[in-house]
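Me: I have a protein model open and want to learn how to read it. Can you take me through some features?

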Amino acid sequence: MLSKYKTYPLGNFIEQIRGVSYKKSDVSEVPKEGYIPLLRANNIQAGKLVFSDVIYVKKELVRDSQLIKKGDIVIAASSGSKEVVGKSGQAHSDYDCSFGAFCKLIRAKENINPRFLGYFFKTDYYSSSISNSVNGANINNLRNEHIDNLLIPIPSVSTQEKIANVLDKAQELIDKRKAQIEALDQLTQSVFLEMFGDLKNNRYNWPIAELGDVCISIKDGPHVSPKYTQKGIPFISVNNIINNKWDFTNVKYISETDYEIFAKRCKPEKGDILYTKGGTTGFAKYIDIDIKFMNWVHLAVLKYDKNIMDGIFLTHMLNSHFCYAQSQKYTRGIANRDLVLSQMKKIKVLVPPLERQKKFVSIVEKIESQKAMIESSLTELENNFNSLMQRAFKGELFND
């Protein structure tokens with residue numbers, strides 16, 4: 001890393017701790033006496049530790065050093081997906097919990113500020129270095145030397161504190177914007193519940209139909225691997241839909257000729273709904289973009305009867321717990337999970353009057369308009385934060 005500060009191997013300032021190894025019989029899916037929460041790679045999200053969807057492990061298997069302390073950084077060290085390897089989250093309190101064997105913990109020694117260290121793991125330098133190490137070695141494991149050999153700029157302790165304080169304030173603004181977005185999402189859910197009631201109880205006695213009855217077509221994408229091209233027609237996979245938003249960063253392309261062949265079976269268009277049926281199943285995405293693209297077999301295209309269903313409403317319906325629970329019941333397999341079309345068509349949906357559906361959509365569009373403005377502000381804040389962080393580690397913010 002190029003910096004005005006002198007750089008040193010990161011191993012001089014940290015201790016690396018292995019995760020807890022356990023057998024299937026040693027864990028519980030629910031809280032249990034004598035067990036403590038155990039974090040896995042899925043509990044590391046956007047640089048933070050998330051304590052939902054945890055498992056619980058026998059406390060007797062956990063060494064004291066494996067309990068997560070304030071300032072510790074948990075890293076995904078091994079995964080079937082190379083994109084997951086290296087992602088990190090820092091603890092902001094002491095926790096009576098630990099982490100699994102596919103993760104490792106970075107603990108700051110006394111010669112470095114833990115908050116300063118935490119931000120180092122968010123830099124582009126860290127991300128690119130880990131990516132190069134993992135991809136270059138053609139492995140999916142992050143070894144100790146991959147971390148220890150990284151070069152970290154080390155200003156004085158007082159300057160480390162200043163940098164951490166500045167970045168903390170910038171991060172607080174980002175967190176506030178994210179909280180506003182989450183509040184708007186909750187508002188949408190509240191409006192849905194108020195207008196249509198608890199779907200499971202169906203207190204308004206809305207008509208019930210199967211998904212196959214309200215759709216005029218339910219088809220999945222090609223079952224054969226296409227020949228990818230440098231440019232052409234986007235070939236969408238589940239990975240191109242992140243947090244219910246389009247992400248074409250790493251999209252693949254197919255030729256116009258292959259598109260025409262595949263489109264004879266399945267042709268996604270604006271206003272249709274994509275529904276995940278392979279791997280991660282049971283999530284719907286309304287197609288609000290007007291571009292030509294094709295979808296992989298793990299996505300189904302739903303073309304619904306516009307006389308009885310509004311697409312945006314149906315998308316919210318499918319993403320409700322009521323429909324999601326059904327999708328999981330119909331999903332088969334463990335390693336290769338699949339929601340076959342014949343089972344998908346059996347998912348039950350409520351069919352309120354079309355006028356009421358459209359009234360809900362009108363409210364949602366207003367909420368989404370507010371959300372778009374906040375998301376634009378969030379993007380600007382995140383860009384500024386990343387720039388500020390890079391400058392901080394290059395030694396451009398403070399003279400040491």
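This is a predicted model: local features need pLDDT of at least 70, side-chain atom pairs count only at pLDDT 80 or more; totals for chains, interfaces and linings use all residues.

Me: What share of the contacts with a separation of 6 or more comes from residues 24 or more positions apart?

Reply: The share is 76%.

Me: Now charges. How far apart are the mean positions of the positive and negative charges?

Reply: They are 3 Å apart, for 55 positive and 45 negative charges.

Me: How do I read a salt bridge?

Reply: Side chains of opposite charge can pair when their charged atoms come close. The cut-off here is 4 Å from nitrogen to carboxyl oxygen. The count comes to 19 salt bridges. Take Lys303 and Glu269, which meet at 2.9 Å, N to O. This pair links distant parts of the chain: Lys303 is in strand β23, Glu269 in the loop between α6 and β20, 34 residues apart.

Me: Which other pairs are worth a look?

Reply: Lys358 and Asp310 form a salt bridge at 3.5 Å, N to O. Lys358 lies in helix α10 and Asp310 in the loop between β23 and α7, so the pair ties together parts 48 residues apart in sequence. Asp310 is buried at 11%, while Lys358 is partly exposed at 44%. Contrast Glu368 and Lys371, whose closest N and O atoms are 3.8 Å apart. Both lie in helix α10, 3 residues apart, about one turn of the helix. Salt bridges with shared partners also join Asp220, Arg265, Lys277 and Asp338 into one network.

Me: Which residues gather in a patch of positive charge on the surface?

Reply: Lys329, Arg332, Lys346 and Lys348 do. Arg332 sits in the loop between α8 and α9.

Me: What is Gln343 in contact with, leaving aside neighbours within four places in sequence?

Reply: Tyr330 and Arg332. Gln343 is in helix α9 and counts as buried at 16%.

Me: And where is Glu194?

Reply: Glu194 is in helix α4. It is exposed, at 61%. Beyond its neighbours within four places in sequence, Glu194 is in contact with Arg203 and Tyr204. The C-alpha atoms of Glu194 and Leu2 are separated by 56 Å.

Technical notes. Residues are numbered from 1 along each chain as its sequence is written. Side-chain values use heavy atoms; hydrogens and water are left out. Patches are made of residues with over 30% relative accessible area and no salt bridge: like charges are joined within 9 Å, nonpolar side chains (Val, Leu, Ile, Met, Phe, Trp, Tyr) within 5 Å. Accessible areas come from the Shrake-Rupley method with a 1.4 Å probe; for residues, only the protein chains shown count as cover. A salt bridge is a side-chain nitrogen of Lys or Arg within 4 Å of a carboxyl oxygen of Asp or Glu. Lys and Arg count as positive and Asp and Glu as negative; His and the chain ends are not counted. The place of a charge is taken as NZ of Lys, CZ of Arg, CG of Asp or CD of Glu. Helices (H or I, at least four residues) and strands (E, at least two) are DSSP runs, numbered from the N terminus. Buried means under 20% relative accessible area, exposed over 50%, partly exposed in between (1.4 Å probe, protein chains only). Contact means heavy atoms within 4.5 Å.
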